[in-house]
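Hi there,

Here is the structure I promised to pass on to you. Please open it in your viewer and keep it beside you while you read.

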Amino acid sequence: MVILFSQAGSSTRRKMLSSVQNPRFLLIQCRRSKPFHNRYHQYPKSIHATSQVQSVSTSLPTSQIQKIQKSILSREKTARQFAEEFLNRLRLTEPHVKSFLHVSQTVLNEADEIDRKIDRNEDVGPLAGVLVAVKDNICTADMPSTAGSKILENYRPPFDATAVRKLKEGGAIIVGKTNLDEFGMGSTTEGSAYQVTANPWNLECVPGGSSGGSAAAVSARQCVVSLGSDTGGSVRQPASFCGVVGLKPTYGRVSRYGLVAYASSLDVIGCFGSSVADAGILLQAICGHDKLDATSSKREVNDFTSQFVAKDIFESQPLKGLRVGVISETLGDGVDQEVVSSIRGAISHLEELGCIVTEVSLPSFSLGLPAYYVLASSESSSNLSRYDGVRYGNQIVSDELSSLYGGSRANGFGPEVKRRILMGTYALSAGYYDAYYKRAQQVRTVVQKSFKAALDEHDILISPAAPSAAYKIGEKKNDPLAMYAGDIMTVNVNLAGLPALVLPCGFVKNGTASLPVGFQMIGAAFDEEKLLRVGHIFEQTLEGCSFIPPLIADEFKC
Amino acid sequence: MALTLLRGIQTRPLFPCSSAFVTRKHVLFCSMQSTQTETTMKTKQQPHSNFTETARAKAVEKALKDFEAIIGIETHVQLATMTKAFCSCAYSYGDQPNSCVCPVCMGLPGALPVLNSKVIEYAVMLGLALNCKLSMNSKFDRKQYFYPDLPKGYQISQFDIPIATNGFIDLDLPLEFGGGHRRFGITRVHMEEDAGKLLHTGTGNYSQVDLNRAGVPLLEIVSEPDMRTGIEAAEYAAELQRVVRYLGVSNGNMQEGSLRCDVNVSIRPIGQLEFGTKVEIKNLNAFSAMSRAIDFEIARQAALYNEGKAEEIVQETRLWEEGSQKTVTMRKKEGLADYRYFPEPDLPEVILTEEYVNGIHDSLPELPDMKRRRYEDMGLSMQDILFLANDVNVADYFEATIAKVPDIKLATNWIMGDIAAYMKNEKLSINEIKLSPQELGELIASIKSGTISGKIGKEIVDPVEIEKIVDKVIANNPKQLEQYRGGKTKLQGFFAGQLLYRVDKARSLELDFCSSRSFKMYVLPFFFSRNSTSNGRPAGFLSFCVGVQKQT
Ligand SMILES: [Zn+2]
């Protein structure tokens, strides 16, 4: 039997950029610990790791979005010029980083259209000319949306996700769709059914996940900002691994309409940028109530951009009196000592800025991880039921309905997805529901309460974004439990539905090279504004660190 | 035996390349090719396989001497909301397949349900009408199973906290079934969404999925096992149909599947406390089928008991076959299905406020049982009551008529007599006939007051003659006609007088005219056709003229 489905979009093949060998690229110096194995035939052999990251530049991160807006409106530079700049860099770096599953063919046309509008003195939105990359589990009407899964191969949704629609309305140019762990299930982006994305800081390392493609794309400056999704840390952990800013909004702040569901009660669309301001401006553009998502909040949204004041008008202690709680459970055993040192450094920096830093204990912290995996797996086992081979992906030929389902799903899903569907199905089964799903919900309530109590005493809470910096590709591929354990710092925040901002704060040694480390700031529900303000001040006052990866460092030297 | 609806099917894709569908956005064409689409059914030889009406009645009567039947009913009522339960698609029965679909009801990745508030309103209405206790805090759950007509792989339903529980329904049995009042318990009412439909093409070797119905809101009403006979069960369902129609929450149409009943039947020897094994019967498309199917099932089970084969009564789902008038095995239960219910995370909890519930309570219409009690107080016979109150539109018509002229007997006679006969003949509903209750009221008033002459000849008039007279009256009174058309409808009386004058003169109408064939075949369509303006006759005019003949 065959059950046929007429897909609303065309079956256009994914178009990857061909790698263009640009002579300039050969001069790029990329720091690596040892010679790079030629996994990709395009890889230029002359790349060597030499320079020290920190010495590349000491310039502070500035909002690229504001810069673009200012330049194109003053006609100092055209949208096309910006677009070409990013596209060129994308062409050069993509063969090594592999952030994208699909790159738009209409970027320059869209840039031209913006330039024409400016010529005609027409309104262009706040994101005009800003190249935004979108995680491939977020639906786009004019591009494939596979969620990194074979079961959605060539699938083109007939609609834009609300977040994407809002970006387009704001003038943004969607540059392409980024790689991810299949359906967002993973922490390395190795779980993609299509390709492995590399960390721009060290091409042998994972970019983190599941939004690894979006994080790597911003890190390698292949786009200005990008959208990811965060169910258990999928924006924050890759932000930390790739040295970029990652913002996980409060659950309900951004519409999930068009986000391919993994675990509906935990999923949230998040933002990546190379500065706090960019992440904030991106959030501003996509957040707010959506009548298509019953779980989106009707709460009013403040103007985040007012927080991004220039450094020269900061007071000497701009964060004076801010009560910062360091979650003591997150700096103990199992956390890389260098990561702990970086966080301690960040804490000192916050103290210098005037914060009152104290330790706070969240006894329920360690319960979050198992509860998260039970709940996320349970919901995913249900959310992924719709991939039955009837409407998407390749349907196997079978003479029986149950084997049609079985065969199509066996072919279409990867091992990690199957593992989670099995776990979730088990947890929801009669006789096990109370012991697993129900108990995990009870843990969730406990976690929510303990965060609430801690945030009544503190303005923000602090922890590492991950227990380690980026690790080698393949290192945890066959050890799912080790990978799950890496989510310990982030999953509690999803269980509580709180907003969190990850920003780079230092480096750990990785042989002769270094890898970035991010720290996580957790705020009260719907208080993204405070996180952005603190994050912006932190970032603008953090001297001596530059988070531009060596892969592209030469471009940013001047 | 497992469900083998789609068994034995070997196929290749109908459309190997999806490019053919590029322009057909939102149109799902799920096709299943198959060489065989018949439901595989194991039909047991039954001792009473060729029941006739009387044979079945006798068998049931005999069975019920020694056994008591326990009958419970699960009813799905499709709600008549403008849009589906969780998206803004409109749905109407019989639309082109897959023309009422969107990303949400097709279950496309990333689409999310948003609850239509009308569903809650209708659920609360029905809950109150069925005397239930409402859950002020309820929620939606996902019921999970795989089937091609279920696009998400789960049905959004309510599991452990239904919106309404623990109610009852009151009804009056028709006299021909012995009469009497009954009260049956309602266990629960919950909200859920409908699935799509699989279309098995008769000659084709594939099946197709039509998702038009997917996501249409349903209320599932579960009764207590309070019914004891097929008649009681059918009357329970009929009363439920009346209630949903009175409330206006559903059209209650069984043929279109807007009201679907699944019946559970078990029997036990009279005096035994524990229940027998229950059997579920599906495919009941009419109340009469329900009653017959239950009677068949009672007799079948009783026969097995009497033959000492009680163990052959097993927990199973049986289908009613209208052709052979029997129930046959569809599938045997293989243990309990595990639907892995869990709370629907895409939808917030359903929270009702006292104020909201009170508002709905206060705006509930008069319900069938209340109406019957009121008609009883008016002195109507139960037969008349059941006829008039059966259809809320007929009841409304009746009440509008007696509001115009308070003669209950004449109004009842007219409605149950000529109008009912005409509706039956022409297959029209009372809302489709053109004689307004106000006009009927006027007519009755005229007859009562003697304005209208009773001098009517015996011979049947040629309807053409009536038309001629009507046309003459019109032609002779152009001024009055103009005024009538200008809105001076009171001139009807003037025209009636003119017509009667001439009719009397022609001595061409007779007393029993209204029951004559010509009247029904020819005049009535005009009579009831207020929009008929042929020959320049004003709308409603002829009806008035001809109506005078009903003077007895
Ligand atoms: Zn729809």
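Predicted model: local features only at pLDDT ≥ 70, side-chain atom pairs only at ≥ 80, totals over all residues.

Residues are numbered from 1 along each chain as its sequence is written, chains are lettered from A and ligands numbered from 1 in the order in which they are written, and side-chain values use heavy atoms, with hydrogens and water left out.

Let's begin in chain A. L350(A) sits in helix 9, residues 337-352 (helices are DSSP runs of H or I with at least four residues, strands are runs of E with at least two, and both are numbered from the N terminus). L350(A) counts as buried because its relative accessibility is 0% (buried means under 20% relative accessible area, exposed over 50%, partly exposed in between, with a 1.4 Å probe and protein chains only). Beyond its neighbours within four places in sequence, L350(A) has contacts that include L319(A), I462(A) and F538(A) (contact means heavy atoms within 4.5 Å).

Now to chain B, where T317(B) belongs to strand 14, residues 316-321. T317(B) is buried too, at a relative accessible area of 0%. Its side chain makes a polar contact of 3.0 Å with the side chain of E280(B) (a pair of N or O atoms within 3.5 Å; within protein, one must be able to donate a hydrogen and the other to accept it, and residues adjacent in sequence count only if both atoms are side-chain atoms).

Next, the open spaces. On a 1 Å grid over the protein atoms alone, a cavity is a set of points where a 1.4 Å probe fits but cannot get out, while a pocket is an open set with protein on both sides within 12 Å along at least five of seven lines; lining residues have an atom within 4 Å of a point.

The second largest pocket has 29 lining residues, with R242(B) and L386(B) among those nearest its centre. Where does the second largest pocket lie? It lies between domain 1 (2-351) and domain 2 (364-434 + 443-448) of chain B, because both give residues to its lining; the domain bounds come from an automatic or database domain assignment. Helix 3 (230-247), helix 7 (382-390) and helix 8 (392-404) of chain B each supply at least two lining residues.

Happy exploring!
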